[in-house]
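Open the model in your viewer and keep the sequence panel beside it. This tour tells you what to select at each stop and what is there.

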Amino acid sequence: MTATPSKHSRSKRSRSEPFSAQRSTAVSPRSRGSATSSVKPVRLAFLDLLSLGMLGLRTRKMRAALSALGISIGVATMVVVTGIPASSHRALIEEISALGPNMLRVQPVAGQSEPVLLPEGSVDMVRRIGPVTGASAVANTNTEVQRSDVTSGEDFSSAGLSVLAARRDLLDVVGGTVLSGRFFSEADERFPTAVLGYEAASRLGIGEIPADEPAPEIRIGRSWFTVVGILRSVPLAEELDVAVLTGWTAAKNTLRFKGNPTVIYVKAGEDHLEDVRKVLPATVFPEQPGQVQVSRPSDALAAKRATQNSFSSLFLGLAGVALLVGGIGVANTMVISVLERRREIGLRRALGATRGQIRAQFFTESVALSLLGALAGTALGVLAAVGYAAYQGWPSVIPLTSVVAGCLGAVAVGMVAGVYPSFRAARLPPTEALASA
């Protein structure tokens, strides 16, 4: 006989069945974790991130302007302290270069029992030396000059004046310029024409070369020469100031000049000047190099090199100090910004913003603030440096490397300065940030 379940047991089973069914359809913790991990945070696009980073700058314009002013002053200082010394340095280098630090003089050794004659082709041989950038020569013709052929007795006006045959490229090498008239052209070089040095013209009583009147003439040896030009004073070759120059070909044809140069002027690259000096005697006079003397490099060359090295060290030191000051200002500004905007940070976190998005927002704001300050500081520094250089009469020189380094350095400083504030903002708990606001 089969036992029938009692009423009490049936009711107990019916009550328990819904709970067992409910337990079987419930979500297990493992499945809940997989569902949660499948939800990924939204990644901000670059324009959205830039908009968030500029939010603080747009809403607090005065604070942003004052903050950017700090980095602007730093970058402007760097541009000014490099631009003004660079302009001054360029002016100094031009003055030193005017003294001819890269020019050498080659001539026979003085005091020989028999005069040493340099070969006629020695100038062309010097030009074949690689670092040589220019070579020219003059030659003493050993003739006398007179202002007039009716001078009675000794002509004291021409005392101490020498008559030199000169090549047409002489002024380019010695840095000479024409005061009046012209220097020898290709046609003048073949005819009896003369160019007077500054002091020689004064002694001979010739002040200028008239353009609409016949040119003055002087007597050299037994021939008349037409004066076609007067030189300004030549600091690199003072002997030309008291010389009467004639064309190289005309001197051969008229003054019985044989073509042997007396002094050769050589210009060479400053870095190779010592090497050129060593090979010049053997190049000019291979048979007897010991009979040739070469001037030593000018002391101005050593001064120029020392000046370049000292200015380079000064630039680096001042630029580093300027950037350090700007970086401290940006870091201080960003830390204060985090403290002022705790409520904004807490609200964004409560609405679902991740810590990485908060870090990116404040990091972008720091970089944008530094970049804006760098651009403004560069413009301000360039204007100040150019204006001061113009006031002093110097050539305006703004080193491009300092401008680029200033902008890139300011951005780098902004990145470093924004790391700590951005991490501090990201670590703020939403509840604490909202409660402290």
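**Stop one: a paired strand**

Select Val 138 and look across to β4, where Ala 166 stands opposite. This is a predicted model, in which local features need pLDDT of at least 70, side-chain atom pairs count only at pLDDT 80 or more, and totals for chains, interfaces and linings use all residues. Residues are numbered from 1 along each chain as its sequence is written, and side-chain values use heavy atoms, with hydrogens and water left out.

Now show all of strand β2, residues 132-140. Helices (H or I, at least four residues) and strands (E, at least two) are DSSP runs, numbered from the N terminus. β2 pairs with strand β4 (residues 162-166) in the antiparallel sense, over three bridges. β2 also pairs antiparallel with strand β10 (residues 263-268), over six bridges. Pairing takes at least two DSSP bridges between the strands. Pick Ala 137: its bridge partner in β10 is Ile 264.

Why is β2 largely enclosed by the rest of the structure? Seven of its nine residues are buried. Buried means under 20% relative accessible area, exposed over 50%, and partly exposed in between (1.4 Å probe, protein chains only).

**Stop two: Ser 122**

Select Ser 122 in helix α5 (residues 122-127). Ser 122 counts as buried because its relative accessibility is 0%. Its side chain reaches the backbone oxygen of Pro 119 at 2.8 Å. Ser 122 touches Pro 261, Ile 264 and Val 284, leaving aside residues up to four places away in sequence. Contact here means heavy atoms within 4.5 Å.

**Stop three: salt bridges**

How many salt bridges does the structure hold? There are seven. Each is a side-chain nitrogen of Lys or Arg within 4 Å of a carboxyl oxygen of Asp or Glu.

Stay in α5 and select Asp 124 and Arg 127, which lie three residues apart, about one turn of the helix. They form a salt bridge, with the closest N and O atoms 3.1 Å apart. Asp 124, Arg 127 and Asp 169 are linked in a network of salt bridges.

Finish with Glu 120 and Lys 252, whose side chains meet in a salt bridge (2.7 Å, N to O). Glu 120 lies in the loop between β1 (103-108) and α5, and Lys 252 in helix α8 (residues 248-254), so the pair ties together parts that are 132 residues apart in sequence.

Note on methods:
A polar contact is a pair of N or O atoms within 3.5 Å; within protein, one must be able to donate a hydrogen and the other to accept it, and residues adjacent in sequence count only if both atoms are side-chain atoms.
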